[in-house]
Amino acid sequence: IQRARLCITGADGGEREQSVFLRYFTDGRGASIDKLSRALRAGPLGDRVPKSFGSLLDGRLHVEAEVQGAPLLDQALGGRADARELVALLEDFHRTPADFLPVLELEALVARSRENAQALAFLAPALAGDAAHVHALLADAARECRSDDAPATLHGDCHVHQFLVANGGLTVVDFER
């Protein structure tokens, strides 16, 4: 990941500055992220998702607008965050159709959770109990799901640092496929 500040000259000769993030991948993931970002912006999330400028190099390089904002966590710790705004953003995110994404079966997600818990236990033995507990909670929740539940878009590595308070509203950043 690299941050860049570009000076863009328009057809009229006027100049403007644009801050972007350049994300390079060893595979075509950048093209997938571009497609996802555009779908999310076209849906209920609108400008609460950074603008994607596209991908280059067979999808290996993704270029998106930098969002200027304060981390949600800082705002929450300072008593300046509204939990209802986060709930509304997450609801809109999960309602956004992304039919082009591969469907991840619930069993595969639970298996990935188990693998991640095992990896975390190996890398940080002090966290083994917590990791196993989180996996157990997810496995229990999966057993409660009905097979007729509608598929939903999800942000696989979603965490509090991916939410910024920007332009008077909440924005979510750093999507993966």
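On the face of helix α4 turned away from its buried side, F122 and L123 are exposed; exposed means over 50% relative accessible area, buried under 20%, and partly exposed in between, with a 1.4 Å probe and protein chains only. The model is predicted, so local features need pLDDT of at least 70 and side-chain atom pairs count only at pLDDT 80 or more, while totals for chains, interfaces and linings use all residues. Residues are numbered from 1 along each chain as its sequence is written, and side-chain values use heavy atoms, with hydrogens and water left out.

- The buried residues of α4 are V110, A111, S113 and A117. They sit on the same side of α4, because they cover an arc of only 155 degrees around the axis; the arc is that of the directions from the helix axis to the C-beta atoms.
- The 18 residues of α4 should span 26 Å at 1.5 Å a residue, and the end C-alpha atoms are 26 Å apart, which agrees. The expected span of a helix is 1.5 Å times one less than its number of residues.
- What do the buried residues of α4 pack against? They pack against α5, where contact means heavy atoms within 4.5 Å.
- Helix α5 covers residues 128–144, which makes 17 residues. From first C-alpha to last, α5 reaches 25 Å, close to the 24 Å expected at 1.5 Å a residue.
- In α5, the residues A131, H135, A139 and A142 are buried. Their arc around the axis is only 70 degrees, which puts them on the same side of α5.
- As a general point, an α-helix has 3.6 residues a turn, so residues three or four places apart point the same way.
- The other side of α5 has D130 and E144 exposed. The cover over the buried residues of α5 includes α4 (106–123).

- Strand β4 (residues 61–65) is largely enclosed by the rest of the structure, because five of its five residues are buried.
- Both faces of β4 are covered, with L61, V63 and A65 buried on one side and H62 and E64 buried on the other.
- Strand β2 (residues 15–24) runs antiparallel to β4, and five bridges join the two. Two strands pair if DSSP finds at least two bridges between them. Y24 stands opposite L61 of β4.
- Strand β3 (residues 52–56) also pairs with β4 in the antiparallel sense, over four bridges. The bridge partner of S55 in β4 is H62.
- β3 and β4 form a hairpin with four residues between them, and L57 in the turn has a positive phi of about 55 degrees.

**The three-stranded sheet**

- An open sheet of three strands has the order β5-β6-β7, with antiparallel pairing. Its edge strands are β5 (70–71) and β7 (169–172), each of which pairs on one side only.
- Two bridges link β5 to strand β6 (residues 163–166), and P71 stands opposite L164 in β6.

**The chain as a whole**

- The secondary structure comes to five helices and seven strands. Helices (H or I, at least four residues) and strands (E, at least two) are DSSP runs, numbered from the N terminus.
- From the N terminus on, the elements run β-β-α-β-β-β-α-α-α-α-β-β.
- Of the 177 residues of the chain, 31% count as buried.
- Among contacts between residues at least 6 apart in sequence, 60% join residues at least 24 apart.
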